[in-house]
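Thanks for making the time this morning.

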Amino acid sequence: ALLILLVLLVPAWAFAQVPPPTGEGTEEAAPPPPPPTIPDELSSPQATMRTFLEAFYLDDATLADRTPAEVAADTLDLSQLPPDLRASRGPGLAVELKAILDRTELIDIDALSDQSDADPWVREIGEAGRVVLDRDDIGAWRFTADTVAAIPVMLDAVQDIDVIEGVEREGPVTMSMWLRSQVPTSLRSRVFLLEAWQWLGLLILIFVGMAIRWLVSASLQAAVKSRLGKNIMHMVDASAVAQAMNPLGLTAAALFWRLGLVWLGLPADALVILGIALRFIIAASLVLAAYRAVNIVTAVLESRAARTENKFDDMLVPFISTSLKVFIAAFGLVFIAESVDADISSLLAGLGIGGLALALASQDAVKNLFGSLTVILDRPFNVGDWVKIEGVEGTVTEVGFRSTRIRTFYDSMITLPNANLLSAAVDNLGARQYRRWSTHLSLTYDTPPEKVEAFCEGVRELVRSHPYTRKDSFHVYLHRFSASSIDVLLYVFFKTPDWATELRERHRLALDIMRLAHELGVEFAFDTQTLYLHRGAAAGAAPVAEGYKSRVEEAHLDGQRIARALTESGLEGHTPPPVGGSRGSAE
C-alpha cells in the first residue's frame, strides 16, 4: 500500500520539481529574479560594526519583541548552523564575540570604510584565530562563518584578559560564559574537540534528560489511562499505552538536550552534528508515538463497536487502523527526511522513472486494495459471519487492508487475499434469518396407516407449538417407501440467532418426536430385512376400507392430543426468540 501511495505521489512531485522551460522554443523567457535588498545597517564595514556595537547599548524596553543580543546576531553569518539553532545560538555567539572584541584593541568605528566595495576588515586574536568582517553571498557585510566557528576558541584565548579601557558598556554574560567561569581551571583544558567541563556537562544533560523522559512518559500514561476510564482500559493493553507514551517522553528529553547544548557553548561543528541527531530523535519519536497511538485508538473504536448491534463497524475498525498506520509511515518517512535536511527529491524522481515497473509489480497489491474497498462498500459479510468462499468455510475474524482472515471449524486460521473477493461467490451463512432442517423419520413397515397419519399430525403440532420454529413454512408428510422403512419427510426452519441455539432447539424437537412415537406406539426402522409368509385372507374378513375415514380422524385427534401434552410439559424454562429474528453466526 505504501508503494502504491508513492506511485501516485511521485509523478506529481517530480513534475513540480521540473523548472519551467526557458530560452529557445519559448515565446517569452521568464524574467530574472530581482537582486536581494541589502539593509542599510549591513551595507558597509562601518555600518555593520556600528550596528553590532550599538546593539548592546539599546534598552530592552525599546526593542519590544527582541533583545540586544538578537539585534547583534543579525550581523553574524550563521549559515553553517542548522536553521533551527540559529535563533537560539545566534544571540549567544554575538555576546561572546562582543566579549572577545572588548578584550582586544579598542575599535574606532569612524576609521572603518563606509563603502560597500571596501576590503575585508580583519583583527587577529593571537594564535586562536581572527575576526573577519566581509561580504556574504548576497553582498551584505557580516562577520564571516569562519569567524563564528572560531568564537569558542578565541573566547577561551582571551578569557583571562581584562576588558580594555575605553569600552563604555560590556555585553551581557551568557549561560555558557557563566558556567565556564565557575568551573575549575583544570576542567577548561581541551579533550578531543571539547573542553573537559563541556564533556561533563553533556553527561549531566544525558542523565537529566533521561529523568525527564521517565517523568513525562509516566505522567502521560497516567493521564491517558484516566481519560480512557476503566470501561475502556480493560480492553486496552497497558503495555500499548506505555509503548505509545515512551517516545513522547524521549521527545521531551531531546527538547531539553537542545536547550542544554546552547548553555554549554559548543563549537559550531559540534552543534551541527548534535543538532541533526536531536532533530532525527525528535522526528522519529513523534512518528513512532503516532504509529503506536493507533493501537490505542483502535482499541477504543473496537470497544465502542462491540457495544453496537451493527457489525459493519467491527469490520471497518481494522481497515481504519491499517490505513492510519500506512499513512503515518509514509508521512513519517518524509517528515524524518525533511527534519535532517535530507534531499529526497532525487530519490522520488528515481521512483517516478521506475513508476511503470513498480505499478506492474504492484498489481496484486492494487487488486487487494480494491478487494478491501469492495468488502467495505458492498458488505457481502461482516466480522463474525459464517461464510463459504472458494471452498473455505469458517467464521470471519478480521477484514484487513490486504487480506481477510477466516477461522475454520477446525480452529485453523486461513488468510484469503481480498483480490479473490472481486470475482468469488460468497455464501454468507451467517446472514440467514432461518436455519433449515430437512430429514427423514423412518418408520417400520408394520406401522398401520392410522398411526402414520397420527404420527405426522403429532409432529406438525410439535412444530406449531415449538417457540423457535417458523410457523408459516414447514412440511411433515409421508415422503417415500424405502427398502426397509416408510420415510416421513420433516422439513422445518428454526428461527435462531446462532448455530449453538439451533443445535439446542433441534435436539429438543427431536426428543419430543421420540416421545410422541413412544406414546403412539410407533417404532423407528433401521436397515433390516424381514421375511413374511402370507397364507391368504380369512373367509368373511371385513374389507380394509371400511371405517378408514373415522380411523384417520381419530388418529389425527390422538396425535394432536399427545403432541400438545408433550409440548406443554417441555415449554417450561424455554423462551421464544426475539421478534423479527436476528442474524447470527456459527461458533
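Predicted model: local features only at pLDDT ≥ 70, side-chain atom pairs only at ≥ 80, totals over all residues.

**Walking through the model**

Let me begin with Glu 338, which is partly exposed, with a relative accessible area of 43%; here buried means under 20% relative accessible area, exposed means over 50%, and partly exposed is in between, with a 1.4 Å probe and protein chains only. Residues are numbered from 1 along each chain as its sequence is written, and side-chain values use heavy atoms, with hydrogens and water left out.

Glu 338 lies in helix H12, residues 312-339, where helices (H or I, at least four residues) and strands (E, at least two) are DSSP runs numbered from the N terminus. The C-alpha atom of Glu 338 is separated by 9.4 Å from that of Phe 280, although the two residues are 58 apart along the chain.

Turning to helix H17, residues 499-520, we have 22 residues that reach 31 Å from the first C-alpha to the last, close to the 32 Å expected at 1.5 Å a residue, the expected span being 1.5 Å times one less than the number of residues. Among the buried residues of H17 are Thr 501, Glu 502, Arg 508 and Asp 512, along with Leu 509, Ile 513 and Leu 516. After H17 comes Gly 521, which has a positive phi, near 75°.

A positive phi also turns up at Asp 411, about 70°, although this residue is not a glycine. Asp 411 sits in the loop between strand E8 (403-408) and strand E9 (413-417), and it counts as exposed at 55% relative accessibility.

Now to the aromatic rings. How many aromatic pairs does a search of the whole structure find? The search finds eight, where rings of Phe, Tyr and Trp (its six-membered ring) pair if their centres lie within 6.5 Å, and planes under 30 degrees apart count as stacked, over 60 as edge-to-face and the rest as tilted. Tyr 445 and Phe 481 are stacked, because their ring centres are 6.5 Å apart and their planes are at 20°. This pair links distant parts of the chain, 36 residues apart, with Tyr 445 in the loop between strand E11 (435-443) and helix H16 (449-465) and Phe 481 in strand E12 (residues 475-481). Tyr 445 is partly exposed at 43% relative accessibility, whereas Phe 481 is exposed, at 59%.

By contrast, Phe 455 and Phe 524 form an edge-to-face pair, 6.1 Å centre to centre with 80° between the planes. Here too distant parts of the chain are linked, since Phe 455 is in helix H16 and Phe 524 is in the loop between H17 and helix H18 (548-570), 69 residues apart. Is Phe 455 buried or exposed? Phe 455 is buried, with a relative accessible area of 0%, while Phe 524 counts as partly exposed at 33%. Phe 327, Phe 331 and Phe 335, for their part, form one aromatic cluster.

Finally, two arginines lie over ring faces: Arg 460 over Tyr 477, at 4.8 Å from the ring centre, and Arg 470 over Tyr 434, at 4.4 Å. The criterion is NZ of Lys or CZ of Arg within 6 Å of the ring centre and within 35 degrees of the ring normal.
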